[in-house]
Amino acid sequence: MASRRLLTEQLREAWRLTMTIEYPAQLINSERGLQHFFCQHLQKLFDGAPVHRRLFIEPSITAANGKVRSPDLLI
């Protein structure tokens, strides 16, 4: 399996920023708010990286068996 070290570091940093900036400032009062700030930090980290990545928020995905799934975040 390919190493995803950069992505792992970006996810950790986005979480750290969310928990050290918005959470103590009491700006997060719902799962949606948490998702918003986390994705905002993650997008900023993606913009400055050498690898091009995109975020899809709550996309509808149809599996091979026909089941529809809607994950919170797809990278």
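Which residues is Gln-10 in contact with, leaving aside its neighbours within four places in sequence? Gln-10 is in contact with Leu-42, Leu-45, Phe-46, Ala-49 and Arg-53. Contact here means heavy atoms within 4.5 Å.

This is a predicted model, in which local features need pLDDT of at least 70 and side-chain atom pairs count only at pLDDT 80 or more, while totals for chains, interfaces and linings use all residues. Residues are numbered from 1 along each chain as its sequence is written, and side-chain values use heavy atoms, with hydrogens and water left out.

## The core

Gln-10 is found in helix α1. Helices (H or I, at least four residues) and strands (E, at least two) are DSSP runs, numbered from the N terminus. Gln-10 counts as buried, at 5% relative accessibility. Buried means under 20% relative accessible area, exposed means over 50%, and partly exposed lies in between (1.4 Å probe, protein chains only).

The largest nonpolar core has seven residues in all. They are Leu-7, Ala-14, Phe-38, Cys-39, Leu-42, Phe-46 and Leu-55. Helices α1 and α2 each supply at least two residues of this core. The most comes from α2, with four residues. A nonpolar core is a set of buried Ala, Val, Leu, Ile, Met, Phe, Trp, Tyr and Cys residues joined through side-chain atoms within 4.5 Å.

Leu-55 lies in the loop between α2 and β1 (56-57). At 18% relative accessibility, Leu-55 is buried. Not counting residues up to four places away in sequence, Leu-55 touches Cys-39, Leu-42, Gln-43, Phe-46, Leu-73, Leu-74 and Ile-75.

## The aromatic pair

The structure holds one aromatic pair. Its partners are Trp-15 and Phe-38, in an edge-to-face arrangement. Their centres are 6.0 Å apart, with 65 degrees between the planes. The pair links distant parts of the chain: Trp-15 sits in helix α1 (residues 5-22), Phe-38 in helix α2 (residues 31-47), 23 residues apart. Rings of Phe, Tyr and Trp (its six-membered ring) pair if their centres lie within 6.5 Å; planes under 30 degrees apart count as stacked, over 60 as edge-to-face and the rest as tilted.

The two partners differ in cover. Trp-15 is partly exposed, with a relative accessible area of 42%. Phe-38 is buried, with a value of 14%. Phe-38 is also one of the core residues.

## The salt bridge

A search of the whole structure finds one salt bridge. The side chains of Arg-16 and Glu-13 meet in it, at 2.7 Å, N to O. A salt bridge is a side-chain nitrogen of Lys or Arg within 4 Å of a carboxyl oxygen of Asp or Glu. Arg-16 and Glu-13 are separated by about one helical turn, because they are three residues apart in helix α1. Arg-16 is partly exposed, at 41% relative accessibility. Glu-13 is partly exposed too, with a relative accessible area of 27%.

## The surface patch

Phe-56, Ile-61 and Leu-74 form a nonpolar patch on the surface. Together they have about 220 Å² of accessible area. Such areas come from the Shrake-Rupley method with a 1.4 Å probe; for residues, only the protein chains shown count as cover. Patches are made of residues with over 30% relative accessible area and no salt bridge: like charges are joined within 9 Å, nonpolar side chains (Val, Leu, Ile, Met, Phe, Trp, Tyr) within 5 Å.

Leu-74 lies in strand β4 (residues 73-74). At 35% relative accessibility, Leu-74 counts as partly exposed. Leu-74 is among the residues that Leu-55 touches.

Most residues other than glycine have a negative phi.

## Distances

His-36 is found in helix α2. His-36 is partly exposed, with a relative accessible area of 44%. His-36 and Gln-10 are 26 residues apart in sequence and 16 Å apart in space, C-alpha to C-alpha. Leu-55 and Leu-27 are 28 residues apart in sequence and 22 Å apart in space, C-alpha to C-alpha.
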